[in-house]
Amino acid sequence: MAEKANFNQPQRQSLVGVLVMFTDTFQKIVRAMWPLLVVWLFKFNQMNKLYLGLGLLVVIALIGIVAYLQYLNFTFYIDEENDEFIINKGILNKTKIAIQLHKIQQVNINQTLIQKIIGVHALDVDTAGSNKKEVSIRAISHDLAIALKTKLLSEVHKIQSDTVSDDVAPIVKEEPFIKISFISLIKIGITSNYVRSFGVLMAFFFTIYENVKQVLQNIEGDEAANSVDDKIDSILNFENVVYAGSIFILVLFVLILIINLVRTIIRYFDFKMAKQNHSLLLSYGLLNTKNTIIKPEKVQIVALSQNWLQKKMDVLNIKIKQASGSETDKENKKSALEIPGCNALEKDEILKLLFRQIPQKGVKLQPNWRYLLFPVLFYMVLPVSGLLLYVLNSDEEAFNYLLFLPIYLTFVTIMLYFSYRHYRLFVNEDYIIRQSGAWDVDREIIEPHKIQSIKVSQLFWHKRENIGSITFATAGGNLSFRLANFNKVKELANLWLYQVEATEKNWM
């Protein structure tokens, strides 16, 4: 069926895809209204069940109508005369999107849990100059998705190589040459993302507390909400705080390990990497299956991340940033492709495929000791000053909390020391490698000919010390190195600008 598909005529998505659009719309409504839904849950017994049921039926009916209209008005086809991929969509306001074929960077086939259940796939088209997916076809069969992907990439290849052949070049598939084992995923799951998971858990706990307090206040008035605070204050003596704090830290640590492990396994299950038409095809995912392509010539930054535990277990993470239209580092980080749980041999194989060799560190550039001033101020001086002010203005029992001060200062001192020790810039003729991090040590690699612009800066109070900073901008994000020898920084900037001008290599 797929090979007979005529993409020169408007095509619709699979009719069963209406369910995908229904669930997407329903999820958006639930996410937007969840605080109101929590209040309704607490007031469920006080509500009129008949009106509630009728209201729910009306909402479901409206969502169903919207989903069907989304399906009905969504069409796509290839305009070979103008070399464009055309998408028509919209419910009340109709939109026509025309994507020039030569701007298409990636065509990815993905599948969420709902799409797996009903047997359809999503096809996402990424283009140059956009910081998000230009088009997402949410519900087509696997055969049709493969046929459309093959057709689009073949048309792109025809345009870029200036050929006039009418033959559609098939996508050549090869067996995966790297497959991340389940054991490696477990290792990486229990040794990474501690800070991120801690932040998510703390935000979750505080959000639940505030929402419960707000709901109690709405239901029973201010006295109920205040009683929660009074009960908490009544048990906050020093012994209880130490005991509860120890239990909380232990539980939090276990939760972080579980969350990281489950997240890693669900997201990266059955991770495979295969060569495909001079590109690398990644496929992974347990509930949401993703397939994406890495084109070595479009890779801008490769980041290797490893901590002490991961080094002992022989695993590390690799992040790959390709050329994108994102204007902020935040968007570039979100769009970065991650290869988790590689061992040393797999890392070397990937680097050879991306760079044709294993990048070497070269000459070392290190920061001035003033690099530590702001971290010391924000992580030591201000917190300690705040604690001392609190203790001096509180009762005698508050002085017990000063026992935690040496522990905190020791921990922060160690982290700042390793942060400074690891912060280095390594330079050779072919590569720039920035190393950073205290616990997780990151090595970010770029090639000089892929630099888009260079910014050299120096604050006026740093002139006497002859220190300054440099920032290189690439199509995949920015990279900075702060407070190094300014003469050396300017010398390197001139060298890299010369390399960009003199090289015959393309940045993508």
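In strand S13, Lys-321 is the bridge partner of Ile-301. The model is predicted: local features need pLDDT of at least 70, side-chain atom pairs count only at pLDDT 80 or more, and totals for chains, interfaces and linings use all residues. Residues are numbered from 1 along each chain as its sequence is written, and side-chain values use heavy atoms, with hydrogens and water left out.

Start with strand S12, residues 299-306. Strands here are DSSP runs (E, at least two residues), and helices are runs of H or I with at least four, numbered from the N terminus. Two strands pair if DSSP finds at least two bridges between them. S12 is joined to strand S13 (residues 316-322) by 6 bridges, and the two run antiparallel. Strand S18 (residues 441-446) is also antiparallel to S12, with 5 bridges. There, Ala-303 has Glu-444 as its bridge partner. Of the 8 residues of S12, 7 are buried, so the strand is largely enclosed by the rest of the structure. Buried means under 20% relative accessible area, exposed means over 50%, and partly exposed lies in between (1.4 Å probe, protein chains only).

Glu-444 has another contact. It forms a salt bridge with Arg-434, with the closest N and O atoms 2.4 Å apart. A salt bridge is a side-chain nitrogen of Lys or Arg within 4 Å of a carboxyl oxygen of Asp or Glu. Arg-434 lies in strand S17 (residues 432-436) and Glu-444 in S18, so the pair ties together parts that are 10 residues apart in sequence. Both residues are buried.

The whole structure holds 10 salt bridges. One of them joins Asp-24 to Arg-138, with the closest N and O atoms 3.0 Å apart. Asp-24 sits in helix H1 (residues 18-42) and Arg-138 in strand S7 (residues 135-140), so this pair links parts 114 residues apart in sequence. Asp-24 is partly exposed, at 21% relative accessibility. Arg-138 is partly exposed too, at 24%.

Now turn to another sheet. Four strands form an open, antiparallel sheet in the order S8-S9-S10-S11. S8 (178-179) and S11 (290-294) stand at the edges with a single partner strand each, so one side of each has no neighbour in the sheet. Between S9 (residues 272-276) and S10 (residues 279-284) there are 5 bridges. Gln-276 has Ser-279 in S10 as its bridge partner.
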